[in-house]
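Reader: I would like to go through the side-chain packing in this model. Please begin with the term we will need.

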Amino acid sequence: MNRKAILIVMLAFAATSCGRALPTSPLRTRTTDTFGGGNATSTATTLSNLVAVTLAPGVLAADVARTYGATVVTSRPNERTATFLPPTGVTPAAFLNMLANDTRVVTKEIDAWIENAEARQQSFAFDDGFNTPLAYAQQTASTLINLDAAHEVATGRNVKVAIIDTGVDLTHSALRTRIIGGYDFVDDDTNPTDVGDGIDNDGDGRIDEAFGHGTHVAGIVHLVAPDAQLLVVRVLDADGRGDLAKVAAGVRWAVQHGAKVINLSLGANARLDALQDVLAEAELAGVTVLATAGNWGTSKLIDYPGTSTHTMCVAAVDGNGAGAAFSSYGSAVELSAPGVAIRSTYPGEQYRQWSGTSMAAPFVTGTCALLAEKHPTWSLIDMETRLQATAKALTGVPVGASAKQFGAGVLDAGAALSPDRSMGDNGGDPTRLANTHH
């Protein structure tokens, strides 16, 4: 029995023993070819031959494919993102031209990989010997963001937060009672468990290098917002990669299932129109989406969707509040948060350290969940306004960078929640501050 099968059995037992329902599922995916789920050769050579589209509401992918003699590769009922294999003898670029005036197609582009920055730059989780819940709860990052003061005001109660990543260890004792649903868009099943497959799917010489990434991210959100309800959406494999259709579908699924805050610790090197479209939908629905700046260590490249106007982009600082040397920085960054040697949950009832902007974003995600408890109608702009106005100054930046390239400053969750400490201080106004650090 493989690892995922074992975990499915464990999950079923846990769900039965504590009376919890299994994660919510969308309608079943219809796929004519796996493209991206097999060996390294197929994933490296086929994705660039596919075209990803966003369909207009009510349009069926099969109808579009029939018009041009194309093949539907991935299409989900009630999901507007689909992928096509162009007709025989037609290049992807030529197929895009064929779709140019088709009013049934909202966006169209060559399919692309989206990856978490740590897998790309090969930053790995490690056990420093302090593998305990207490060390997790009392780490330096919590002190840096003034978390105890924030918890005196809110804990994220009744706020749904979506973790769109490699999945989560659903049986981890720190997380299992907070998970209320999810879906696995990699394996197309209702068990979004963070699990490796023992295969070097991306051909980089590493096997399952991103295993545990989603569990780690979820643990950071839980540390900051312990009473938030977690929606687990698996769109990346254990090598940390997922195609555009999976990620866009994951975001749309999260919005449809009531997420108020979404964490996207993943990215690509350029804007992706299908993802931009669904992020616009999310913002219109009042959802706050957090994204990572990336781990390029330069201002010349910030990961998308961190550069999207529909997300809040987060860079990383160390435990002293200085800009991390590996963090991307620049004008797209709105805020910085701890991202160096962050201890969090890891599959197998463990707690490990990991570094990256993927670790910084969920600190802000959790803080947005705290704010959403007090202000359920707040928009992305409202969240940004409060968090930026209450941020504290960085203590230093890498050579060649400036403090303003790390956003408004370092996240201070305690200061962000301070205006909401009492009912009579007009805490509902995101511009009103009880404590400003600038």
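Author: Buried means under 20% relative accessible area. The model is predicted.

Reader: How many aromatic pairs does the structure hold?

Author: Rings pair if their centres lie within 6.5 Å. The number of aromatic pairs in the structure is seven.

Reader: Which parts of the chain does the pair of tyrosine 136 and tyrosine 351 link, and are these residues buried or exposed?

Author: The two tyrosines are 215 residues apart, and the pair links distant parts of the chain. Tyrosine 136 lies in helix H6 (residues 133-137), and tyrosine 351 in strand E16 (residues 350-354). Both tyrosine 136 and tyrosine 351 are buried.

Reader: Is the pair of tyrosine 183 and phenylalanine 185 stacked or edge-to-face?

Author: Tyrosine 183 has 1% relative accessibility, so it counts as buried. Phenylalanine 185, with a relative accessible area of 2%, is also buried. Their ring centres are 4.8 Å apart with 70° between the planes, and the pair is edge-to-face.

Reader: Why does asparagine 191 count as buried, and which side chain does its own side chain contact?

Author: Asparagine 191 is placed in the loop between strand E8 (179-184) and helix H9 (213-224). It counts as buried because its relative accessibility is 6%, under the 20% cut-off. Its side chain makes a polar contact at 2.5 Å with the side chain of threonine 193.

Reader: Over which ring does the charged end of arginine 241 sit?

Author: The charged end of arginine 241 is 3.8 Å from the ring centre. The ring belongs to tryptophan 113.

Methods:
Residues are numbered from 1 along each chain as its sequence is written. This is a predicted model: local features need pLDDT of at least 70, side-chain atom pairs count only at pLDDT 80 or more; totals for chains, interfaces and linings use all residues. Side-chain values use heavy atoms; hydrogens and water are left out. Helices (H or I, at least four residues) and strands (E, at least two) are DSSP runs, numbered from the N terminus. Buried means under 20% relative accessible area, exposed over 50%, partly exposed in between (1.4 Å probe, protein chains only). A polar contact is a pair of N or O atoms within 3.5 Å; within protein, one must be able to donate a hydrogen and the other to accept it, and residues adjacent in sequence count only if both atoms are side-chain atoms. Rings of Phe, Tyr and Trp (its six-membered ring) pair if their centres lie within 6.5 Å; planes under 30 degrees apart count as stacked, over 60 as edge-to-face and the rest as tilted. A charge sits over a ring if NZ of Lys or CZ of Arg is within 6 Å of the ring centre and within 35 degrees of the ring normal.
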